[in-house]
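The following note sets out several points on the structure shown below. They are arranged by element and by residue, so that each can be checked against the coordinates.

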Amino acid sequence: MKRIVLFLALMTAGLSLAAQEPIVPEREVVVIDNFTSVPQISLGLYQYARQCVIDGLARRRVVAVDVETNGYGRPDIVYPSFPKARPNNGSPFDLNRAQNLMKDFQMARYYLTAYICRFGSRPVEHKSKDKEGNPVIRTDFTGDIELDVWLYDSETSMVEGPIRWKYSYTGAPDPIIAEEKAVSNIGMRARQFVTDRFRIKASVIQMGEYNRKGKLQDLFLSCGSDIDVEKGDVFFVYEVSNINGIQTSRKLGKVKAREITGPESCRCSVSNGEIEIDRAFRAGELLIAVSDDDRWF
């Protein structure tokens, strides 16, 4: 749930912004249930994979709540046991369990579980020739892991999934290292999922500096370290209007975080749309910034 806080008038270059209540985003809370898996993975790597997912989610914009640390685990299906976990038409996702769990986690909106549907390593041969022209064969290993992920939104009762996450690590000297590396990197996929799925919505609260030609160079948004904004994060800026009770929006430009200036603020460089953004801000229009998954201009 988004939090609205009182915003006092800001002054910049002789331009005052009328007092508004900017949108200050908060972290969403996601409950992480036990996973299920194919039997090819060891217990240690199974547990490590789940922890990598939890850590990846928690590093980016959300609070990850582990059911196991809160006494809500399912010991009967903790380790590779897909045949035992078919409560919902063969899917490891159990809607009844998700709904019941969310009653005990009132602070959370989302529930997530996953099925490790593919795991293993495979040899890869590389053929070449030595200085004398004799054939040389070198073998290394590629580790693969794939997860089907389900996300349940308790507020809308909507279920997303299965969403396929996968990662392959190539060039390992042996199969054990290949598998460990593949598992350790699945956390990056979890982090990217949060970036894609849990977009940051904030307000444009202040214009920044202008160049010698009067062109807007940067601006400030009402989001910062509290929501894990990082240098390089990209936002689209929209002008939001209310016409006869109907809310409409128009994209004005694109900005990128260049400096985190506080728990609820960051400075962003303006990539494009600087004239439109500046004009709308001076006119007192409501400007909203929504994060994008593209970290490059």
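The helices and strands named here are DSSP runs, numbered from the N terminus, a helix having at least four residues and a strand at least two. The model is a predicted one.

1. Placement of S222. This residue is found in the loop between β12 and β13. S222 has a relative accessible area of 2% and is buried; the cut-off for that term is under 20%.

2. Polar contacts of S222. A polar atom of the S222 side chain lies 2.4 Å from the backbone oxygen of I23. The S222 side chain also reaches the backbone nitrogen of S203, at 2.9 Å.

3. Surroundings of S222. Leaving aside residues up to four places away in sequence, S222 touches P22, I23, V24 and P25, together with A202, S203, I205, E264 and S265.

4. Helix α2. Which residues of helix α2 (residues 95-104) are buried? They are R97, A98, L101 and M102. Viewed down the axis of α2, these buried residues fall within an arc of 130 degrees, and therefore they line one face of the helix. N96 and K103 are exposed and sit on the face of α2 turned away from the buried side.

5. The N-terminal end of α2 is capped by D94, which has a side-chain oxygen 3.1 Å from the backbone nitrogen of N96. N96 is also one of the exposed residues of the helix.

6. Helix α5. In helix α5 (residues 274-282), the buried residues are E274, I277, D278, A280 and F281. Their directions, seen down the axis of α5, fall within an arc of 165 degrees, so these residues line one face of the helix. I275 and R279 are exposed on the other side of α5. After α5 comes G284, which has a positive phi, near 80 degrees.

7. Salt bridges overall. How many salt bridges does a search of the whole structure find? The number is 22. Side chains of opposite charge can pair when their charged atoms come close.

8. E68 lies in the loop between β7 (62-66) and α2, and R50 in helix α1 (residues 43-58), so the pair ties together parts that are 18 residues apart in sequence. E68 is partly exposed, with a relative accessible area of 37%, whereas R50 counts as buried at 4% relative accessibility.

9. The pair R118 and E146. Their side chains meet in a salt bridge, 3.0 Å from N to O. R118 belongs to strand β8 and E146 to strand β9, and the pair links distant parts of the chain, 28 residues apart. R118 counts as partly exposed at 36% relative accessibility, while E146 is buried, with a relative accessible area of 11%. Both residues also belong to a network of salt bridges that links R118, R122, D144, E146, D148 and R164.

10. The pair E230 and R191. The side chains of E230 and R191 meet in a salt bridge of 2.5 Å, N to O. Because E230 lies in the loop between β12 (218-221) and β13 (234-243) and R191 in helix α4 (residues 186-197), the pair ties together parts that are 39 residues apart in sequence. E230 counts as partly exposed at 27% relative accessibility, and R191 is buried, with a relative accessible area of 19%.

11. Strand β16. This strand (residues 286-292) is mostly covered, with five of its seven residues buried. Strand β11 (residues 201-207) pairs with β16 in the antiparallel sense over three bridges, and K201 has V290 as its bridge partner in β16. β13 and β16 also run antiparallel, joined by seven bridges. Here L287 of β16 is the bridge partner of E239.

How values were computed
Residues are numbered from 1 along each chain as its sequence is written. This is a predicted model: local features need pLDDT of at least 70, side-chain atom pairs count only at pLDDT 80 or more; totals for chains, interfaces and linings use all residues. Side-chain values use heavy atoms; hydrogens and water are left out. Buried means under 20% relative accessible area, exposed over 50%, partly exposed in between (1.4 Å probe, protein chains only). The arc is that of the directions from the helix axis to the C-beta atoms. A polar contact is a pair of N or O atoms within 3.5 Å; within protein, one must be able to donate a hydrogen and the other to accept it, and residues adjacent in sequence count only if both atoms are side-chain atoms. A salt bridge is a side-chain nitrogen of Lys or Arg within 4 Å of a carboxyl oxygen of Asp or Glu. Contact means heavy atoms within 4.5 Å. Two strands pair if DSSP finds at least two bridges between them.
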